[in-house]
Amino acid sequence: MEEKKVLLKKEDGIATITFHRPEALNALNVQVLDDLEEAVDEVAADPEVRVIVFTGEGKAFIAGAETSTLAAANTMTAIEYSRRGANLFRKIEQLNKPTISAINGYAFGGGFEFALSTDILYASEKASFALPEATLGITPGFNGTLRLPRVIGMHKAKELIFTGRRIKAAEAYELGILNKVTSAETLMDEVYALAKQIADNSAIAIMLDKGILSASESVPQDVAMGIEVGYMASGFGTPDQIEGFAALKEKRKANFRGR
């Protein structure tokens, strides 16, 4: 049986998905994408999982796509590979559960694009980022050209994409890519503290929040206002809303069921 290149652990409502290919700096290939999708589908269907954390084993988060896969590609296989990764990353972006990238090292190419598809990005001070495709005569294929400008603006995104230069975690934070930079030693502790804080809140409310943010991202404000009202109203009468207001009245911590 082929060894899994993506590992899954669940504990206290938090799922940790670890890229497990350290000998190749966790580079993406077809098996990694297949194993990742299997893990993502499992946690998406598990009602006990409230938060999903992604990280890498060794000194890399994900050091991009496997170069041998790219070097051997032709136009049609490149299209197939791009669609495979882009569709999976979009699935992750649209999960109704919050996702956190714990970026422990290199996040290049597809690794950077993957991180951009998650909700919250924490990084070790040792992490570095790049979209180096222009230096290889190709372009990003997992929608980095779509997500990066939304985060840092078109002009800054063009600079990084056209030059392919590496940036360190501190600069990524200054650009607004990262939520927080930590020491290498405390990265996972800080990520799990954040994940626990989120997991203790209402999973229903967070699902609705993600729905609002996704649906209203690219529509006019008047349309977005109507979207927010609809999602907000649908939260009333749910078990979590009833429990939340009961806990407030009784001056105790809410015990959300998430259903």
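Student: Among contacts in the protein chain between residues at least 6 apart in sequence, what percentage join residues at least 24 apart?

Tutor: Keep in mind that this is a predicted model. Start with the contacts whose residues are at least 6 apart in sequence, then pick out those that join residues at least 24 apart. That share comes to 69%.

Student: Does the radius of gyration agree or disagree with a compact globule, and what is its value?

Tutor: The chain has 259 residues, and a compact globule of that length would come out near 18 Å. The protein chain's own value agrees with that, because it is 19 Å.

Student: How many residues of strand E5 are buried?

Tutor: E5 covers residues 99-103. Thr-99, Ser-101 and Ile-103 point one way, while Ile-100 and Ala-102 point the other way, and all are buried.

Student: Which residue in E7 is the bridge partner of Ile-103?

Tutor: First, look at what pairs with E5. Strand E3 (residues 51-56) pairs with E5 in the parallel sense over four bridges, and there Val-53 stands opposite Ile-100. E5 is also joined by four bridges to strand E7 (residues 120-124), again running parallel. In E7, the partner of Ile-103 is Ala-123.

How values were computed. Residues are numbered from 1 along each chain as its sequence is written. This is a predicted model: local features need pLDDT of at least 70, side-chain atom pairs count only at pLDDT 80 or more; totals for chains, interfaces and linings use all residues. Side-chain values use heavy atoms; hydrogens and water are left out. The radius of gyration is taken over C-alpha atoms; the globule rule is 2.2 Å times the number of residues to the power 0.38. Contact means heavy atoms within 4.5 Å. Buried means under 20% relative accessible area, exposed over 50%, partly exposed in between (1.4 Å probe, protein chains only). Helices (H or I, at least four residues) and strands (E, at least two) are DSSP runs, numbered from the N terminus. Two strands pair if DSSP finds at least two bridges between them.
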